[in-house]
Amino acid sequence: MNKEKIRNIGLAAHIDAGKTTTTERILFYTGRIHRIGEVDEGTATMDWLQQEKERGITIWSAATTCYWKEYRINIIDTPGHVDFTAEVERSLRILDGLVVIFCAVGGVEPQSETVWRQADKFDVPRIVFINKMDRIGADCFRVLKEIEKKFAVNTVLMQLPLGAEEEFKGVIDLLRGKKLIWDVDEIGERYREEEASEEEMGNWREELFLCLGELDDELAERYIEKKDIELKKVKSIIRKGVIEGRIVPVFIGSALKNKGIQCLIDAICDYLPSPLDKRGVMGKIPGKEEIIERKPSDEEPFSSVVFKIQIDKKLGKLSYTRVYSGKIKPGQKIMNSANGEIFRIQRLYLLHANRRNSLQEAAAGEIVGIVGAKRVKTGDTFCDIDNPVIYEEMLFPEPVVSIAIEPKSIRELPKLEECLAFMLEEDPTFRVKRDEETGQFVLSGMGELQLDILLDRLKRDFGLEVRSGKPQVAYRETISVSASGYHKFSKTIGDAHHFGEANLSVHPNPQKGNYIEIPVDIPDDFKEVVRESVNTILLFGPLAGYPVTDVKVEFHKLSKGSNVTPLGLGNAIQEALREALIKGDPILLEPVVKIEITVPSEFVGNVVGDLGTRNASLKKITKVSDFIQRVSAEIPLREIFGYATTLRSLTQGRGNFWMEISHFAPVPEEIKKKIMI
Ligand SMILES: Nc1nc2c(ncn2[C@@H]2O[C@H](COP(=O)(O)OP(=O)(O)OP(=O)(O)O)[C@@H](O)[C@H]2O)c(=O)[nH]1
Ligand SMILES: [Mg+2]
C-alpha cells in the first residue's frame with residue numbers, strides 16, 4: 001500500500017459531542033458497514049462493549065479501518081468521559097492526525113480543552129468538525145470564536161451552514177464556491193451540488209483566501225490579481241499549513257442527521273498527515289543512552305509501539321500496535337524491547353472494533369493487532385531482534401479513587417485473582433492491592449465510573465459475584481521539609497558478604513511528582529538498583545502507607561567500591577530513604593477536583609447552595625447561553641462522590657457536570673484523624 005495514502009487518525013472531544021455517531025457515518029459512507037449504527041439504540045459498531053451499549057457512552061478506544069477513494073483510513077474513536085482520559089492519551093501517542101469535534105451548541109466544553117492540550121503535547125496536526133448543527137441554538141460562528149480565543153490558533157472556516165437548526169440542510173464549500181445539499185435521501189448517501197452566489201458567501205470566501213495567502217505568497221498574488229487558482233494547489237497549501245501546525249481548518253455538519261460527513265472524510269484525506277509526513281521516530285538502543293531514528297520505510301528494521309492490550313478468551317493477548325518501520329509476517333520472531341521477551345507472531349490482524357481480519361503482512365505506517373507476546377504492557381516497543389530499539393514509555397496518571405472488594409464465596413478467590421490480572425493488563429490506569437489485614441482487594445482507578453464498569457465486568461463478563469465497599473479517595477503522602485538519611489549496610493548472608501552505603505536527602509517537590517536524581521558516576525547496573533530501591537520505599541509512605549508523591553531524592557554519597565553488592569546497596573538506600581522521609585515531617589494529601597457544572601439558570605442557586613455545604617471554593621459563574629450557566633469550583637474529591645445523583649435531584653435532571661483532578665492538597669486535621677485510625 002502506498003504510504004502516502006494512509007491516514008492514521010483519531011476522533012476526540014468532550015463527552016457526547018458525537019465522536020461515535022460521526023465514526024459510524026464514516027464507516028457507512030466508506031462502505032465498511034452496511035447499516036448505520038446508532039449510539040442511542042445500542043447498535044453502534046464502535047461502542048461494542050456491553051457496558052458501552054447500555055450506557056450510550058464510549059469507554060474503550062476502538063480501532064477500525066475503512067477505504068475512501070484511493071485512501072486507507074485507520075480510525076480510533078476515543079472516549080470523552082474524563083475517567084478515560086488516559087485512553088485518549090495513549091491513542092494520541094501513536095496517531096498521525098486528529099479530528100477534534102465540538103458541539104455547535106455546547107462549544108468548547110472542558111474535556112475538549114483537555115484533549116486539545118494532549119494533542120499539543122504530542123504535536124498532532126488537527127482539523128475541527130463542529131457537529132450538531134441541527135440542534136436548537138447551534139451557532140458555528142460562536143464556537144469558532146471560542147476556539148480561537150481559548151486555544152490561540154489560526155482557524156480557517158472552510159464551510160458555511162445552509163439553513164439553521166432543524167432547517168439545517170447542508171453547507172457551502174467556500175473553496176469551490178458550491179452549495180452541497182443533503183436532501184436526496186434520508187441516509188445522506190447522496191447530495192446535490194449547486195453554485196453558491198457571491199451574496200451567499202459574503203466575505204467568508206475572501207477571508208479564507210486571505211488567510212491562506214499568508215501561507216503562500218504566490219497564492220496571495222493570484223487571488224488579488226483574480227487569476228485562476230488550481231484547486232489541487234490550494235489543497236496542498238492547506239495541507240502543509242495543517243501539518244506545520246499553522247492553521248486549523250474547520251468543517252461543520254450534523255452527524256445524526258447525516259449531513260456533511262463526506263466532506264469531513266475528504267478533509268481527513270486531503271489535509272491530515274500520512275505516516276510519511278512524520279519522517280522519523282526517535283528511540284534509544286535498549287540499555288543505552290544513544291538515540292537512533294527509525295524512518296517510516298519498509299526497508300528499515302521493524303519497530304512498533306503497543307498502545308492497547310485486549311485479552312481475548314480464545315486468542316489470549318492481542319496487542320494493538322502502530323508499526324513505525326519495517327515489516328512483519330505471521331510466524332516471524334520479534335522482540336519486546338521493554339522486557340527482552342522474544343516471541344513468534346502467531347497471528348496478525350487488521351482491526352475493526354471487536355472483529356478482525358487476518359493479515360499476511362503488516363508494514364510501516366499501519367495499525368494492526370499482534371497475537372504472540374506473553375509479557376506485554378501498554379507502551380512497550382516491539383522490534384527486530386537484531387536491530388533493537390526502544391521508544392519512550394507511556395506514563396499514566398496515578399489513581400485517585402479506590403474501592404475494596406472480596407468474593408462472595410472464598411472458593412472464587414483464585415478466579416477473582418485471575419480476572420483482576422486480566423483487567424490490569426488491559427487498563428494501565430487500574431491498580432490492585434491486597435489488603436493484608438482484611439484480605440480484601442483494593443481496586444483503584446481514575447474515577448467512580450471506571451470502577452463501576454470494572455465491577456460490572458467482573459460480574460457479567462466473568463460471572464463473579466463480589467461484595468464491595470464504598471468508593472474511597474486514594475490518599476497520598478509527601479514531606480513538608482527537606483531532610484537527610486544515612487545508612488551503612490554490612491552483613492553476611494549465606495556465603496556472601498553484602499555491603500553498601502548511602503547518604504541522601506529528600507526535598508519537597510510540590511505539584512511536580514517524584515524526581516530521583518541518579519548519580520551519573522555509578523555503573524549502569526547499579527542505576528537500576530537505585531531506581532528500584534527508591535521506588536519500593538516511595539510506594540508505601542511513612543505516615544499511613546499511602547504512595548509518596550512530590551518528593552525529590554538527591555544522593556550525596558553512594559559507595560561504589562568492588563565490595564559493594566546490589567543487595568547491600570539496595571538495603572542501604574532503602575533504610576536511608578525511610579529515615580529521611582520520617583524526618584521530612586510527612587503529611588497526608590488528598591485529591592482536589594476542578595468541577596464545572598452546566599445548568600439552566602433557574603437551578604444555579606440550588607447548585608451553589610449545595611456546593612457551599614461541601615467545602616467547595618467557588619471560582620466563577622459564566623453564561624453559556626441565554627438560559628444556561630456554568631458554575632466552576634474546586635472541591636475535595638471525597639466531598640463529591642455520587643454527585644451525578646445529587647445533581648439530578650438538584651436540577652430535575654437538567655444539569656451536567658464535568659470534573660478533573662486539579663491538584664493534591666493537605667488533608668484537614670479532623671479528616672486525617674479518621675483516616676489514620
Ligand atoms: N442533534 C444531534 N444529536 C447528535 C448528533 N451527533 C450525535 N448526537 C447525539 O449525541 C449523543 C452522543 O453521541 P455519541 O456519538 O455517543 O457521542 P460521543 O462523542 O461518542 O460520546 P462519548 O464517546 O461517550 O464521549 C447521542 O445521543 C447522539 O445521538 C448531531 O449531529 N445532532
Ligand atoms: Mg463515543
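Guide: Start with a term: a polar contact is a pair of N or O atoms within 3.5 Å; within protein, one must be able to donate a hydrogen and the other to accept it, and residues adjacent in sequence count only if both atoms are side-chain atoms. By that rule, the side chains of threonine 58 and threonine 20 are joined by a polar contact of 2.8 Å. The model is predicted: local features need pLDDT of at least 70, side-chain atom pairs count only at pLDDT 80 or more, and totals for chains, interfaces and linings use all residues. Residues are numbered from 1 along each chain as its sequence is written, chains are lettered from A and ligands numbered from 1 in the order written, and side-chain values use heavy atoms, with hydrogens and water left out.

Visitor: How do I read the magnesium site, and which protein atoms are its donors?

Guide: Donors are N, O and S atoms within 2.8 Å of the metal (3.2 Å for Na, K and Ca); water is not among the atoms, so sites may look incomplete. Here the protein donors of the magnesium ion, ligand 2, are OG1 of Thr20 and OG1 of Thr58, 1.9 to 2.0 Å from the ion. The pair links distant parts of the chain, 38 residues apart. Threonine 20 sits in helix 1, threonine 58 in the loop between helix 2 (50-55) and strand 2 (62-68). Helices (H or I, at least four residues) and strands (E, at least two) are DSSP runs, numbered from the N terminus.

Visitor: Are these two threonines buried or exposed?

Guide: Buried means under 20% relative accessible area, exposed over 50%, partly exposed in between (1.4 Å probe, protein chains only). Threonine 20 is buried at 6%. Threonine 58 is buried at 8%.

Visitor: What surrounds ligand 1?

Guide: A residue counts as near if one of its heavy atoms lies within 4 Å. Ligand 1 has 20 residues around it, the closest being Lys19, Thr21, Asp40, Thr58 and Asp134. Helix 1 (residues 19-29) gives the most to this shell, with 3 residues.

Visitor: Which polar atoms lie close to the oxygen atoms of ligand 1?

Guide: An N or O atom in the side chain of lysine 19 is 2.7 Å from an oxygen atom of ligand 1. A polar backbone atom of aspartate 16 is 3.0 Å from one. A polar side-chain atom of threonine 58 is 2.7 Å from one. Taken alone, ligand 1 exposes 660 Å², and the protein buries 91% of that. Such areas come from the Shrake-Rupley method with a 1.4 Å probe; for residues, only the protein chains shown count as cover.

Visitor: How is strand 31 paired?

Guide: Two strands pair if DSSP finds at least two bridges between them. Strand 30 (residues 483-493) and strand 31 (residues 496-508) are antiparallel over 11 bridges. Isoleucine 493 has alanine 496 of strand 31 as its bridge partner. Their hairpin has 2 residues between the strands, and glycine 494 takes a positive phi near 65° there. Strand 31 also pairs with strand 33 (residues 551-558), antiparallel over 7 bridges. There, serine 505 has glutamate 554 of strand 33 as bridge partner.

Visitor: Why is helix 10 called largely enclosed?

Guide: Because 10 of the 11 residues of helix 10 (residues 261-271) are buried. Among them are Ile261, Leu264 and Tyr271.

Visitor: How many residues of helix 3 are buried?

Guide: In helix 3 (residues 85-94), 10 of 10. They include Glu87, Arg90 and Arg93.
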